[in-house]
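Please open the model in your viewer and keep the selection panel at hand. The tour below goes from one selection to the next.

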Amino acid sequence: MNKIALITGATSGIGEATAKILAKNNFDLIVTGRRKERLGLLKNNIENNFNIKVLTLNFDVRDQKETENAILSLPENWKAIDVLINNAGLAAGFDPIHNGNINDWDQMIDTNIKGLLYVTRVVSPLMVNRKSGHIINIGSIAGKESYENGNVYNATKHAVEGVTKGMRIDLVKYNIKATSICPGAVDTEFSNVRFKGDNEKAKNVYKGFTPLFAEDIAEAIYFVVSRPAHVNINDMLIMPTAQASATVFNKE
Ligand code: NDP
Ligand code: 8X3
């Protein structure tokens with residue numbers, strides 16, 4: 001029987017690349033996100049290329065009821081989720097704290113912290129019942145250090161670090177693994193979202209050096225989920241070779 005992975009934020013970037021690499025390695029998938037059309041395209045693409053099954057769940061992780069209802073609506077056999085990848089997240093804005101946009105703050109806190117918790121609150125009891133599971137939270141270099149204008153995004157990713165440690169402690173007695181994967185700069189839609197569609201600004205972020213690509217992180221996630229049962233990777237910090245810290249780059 002195939003293992004089952006639920007990936008939040010599978011409509012682009014790291015989540016989408018992870019769906020593809022797990023499909024290639026015989027995981028059945030539950031892929032989620034707000035953009036329903038993209039979920040349908042991803043399902044078709046994966047099912048046409050790999051011999052596995054894909055279910056799509058279309059919900060906004062910021063809505064607790066919608067999140068709970070969507071996951072609890074899964075057919076019983078799909079509730080045996082082996083791997084949960086809490087990937088949905090974003091940065092919104094890039095302002096100093098005294099000019100911060102409150103809506104941006106709310107969106108980041110509601111998605112990156114509360115959304116991750118809402119999903120985990122529904123999926124983790126299913127894992128506890130089966131005394132088996134693996135929760136992977138996508139943190140960031142932004143959760144290891146703060147940088148200028150990163151303030152609230154930094155705070156949300158520091159929270160992901162904290163809660164991953166807490167999950168590991170609470171769930172160890174149920175044989176459940178918890179891992180945080182913390183990338184540096186990855187060229188996805190992340191910066192287009194942060195800069196609200198200003199694609200020139202977004203492109204600039206990755207100019208003059210080779211950033212990570214979504215597939216690099218997906219490969220790391222597959223490595224982590226494919227360790228033997230007695231091995232857990234607690235934390236993985238993955239950087240572009242040309243990025244030494246949140247702000248120090250070797251740019252041309
Ligand atoms: P993308 O913007 O390409 O992907 C973000 C994903 O999150 C999308 O699939 C989006 O789906 C989903 N998402 C955002 N908000 C919500 C929401 N409210 N409800 C449901 N899904 C949501 O960026 P990345 O792939 O780069 O980002 C993935 C994760 O990696 C994020 O947590 C990010 O913070 C983290 N990260 C990114 C880095 C980078 O440099 N790119 C570095 C370190 C960490 P949809 O819009 O369809 O809902
Ligand atoms: C995304 C990486 O450095 O842009 O988490 O915050 S960074």
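Which side chain has an N or O atom 3.0 Å from an oxygen atom of ligand 1? Select K157, whose side chain supplies that N or O atom. Before going further, note that this is a predicted model, in which local features need pLDDT of at least 70 and side-chain atom pairs count only at pLDDT 80 or more, while totals for chains, interfaces and linings use all residues. Residues are numbered from 1 along each chain as its sequence is written, chains are lettered from A and ligands numbered from 1 in the order in which they are written, and side-chain values use heavy atoms, with hydrogens and water left out.

**Ligand 1**

Taken alone, ligand 1 exposes 880 Å², of which the protein buries 96% (areas by the Shrake-Rupley method with a 1.4 Å probe). Now colour α1 (13-24) and α5 (151-171), the elements that give two or more residues to the shell around ligand 1; helices here are DSSP runs of H or I with at least four residues, numbered from the N terminus.

Next, display the 29 residues around ligand 1, among which T11, S12, R34, Y153 and T188 come nearest (a residue is near a molecule if one of its heavy atoms lies within 4 Å of it).

**Ligand 2**

Keep Y153 selected and move to ligand 2, which is surrounded by S140, I141, A142, Y147, Y153, F190 and R194. The side chain of Y153 has an N or O atom 2.6 Å from an oxygen atom of ligand 2, that of Y147 has one at 2.4 Å from an oxygen atom of the ligand, and a polar side-chain atom of S140 lies 2.5 Å from an oxygen atom of ligand 2. Of the 240 Å² of accessible area that ligand 2 has on its own, the protein covers 84%.

**Helix α4**

Finally, select residues 102-130, which form helix α4; its 29 residues reach 41 Å from the first C-alpha to the last, close to the 42 Å expected at 1.5 Å a residue (the expected span being 1.5 Å times one less than the number of residues). Centre the view on K114, where α4 has a kink of about 35 degrees, the bend being the angle between axes fitted to the seven residues ending at a residue and the seven starting there. Just after α4, K131 takes a positive phi of about 50 degrees.

Methods
Polar contact = N/O pair within 3.5 Å; in protein donor to acceptor, adjacent residues only side chain to side chain.
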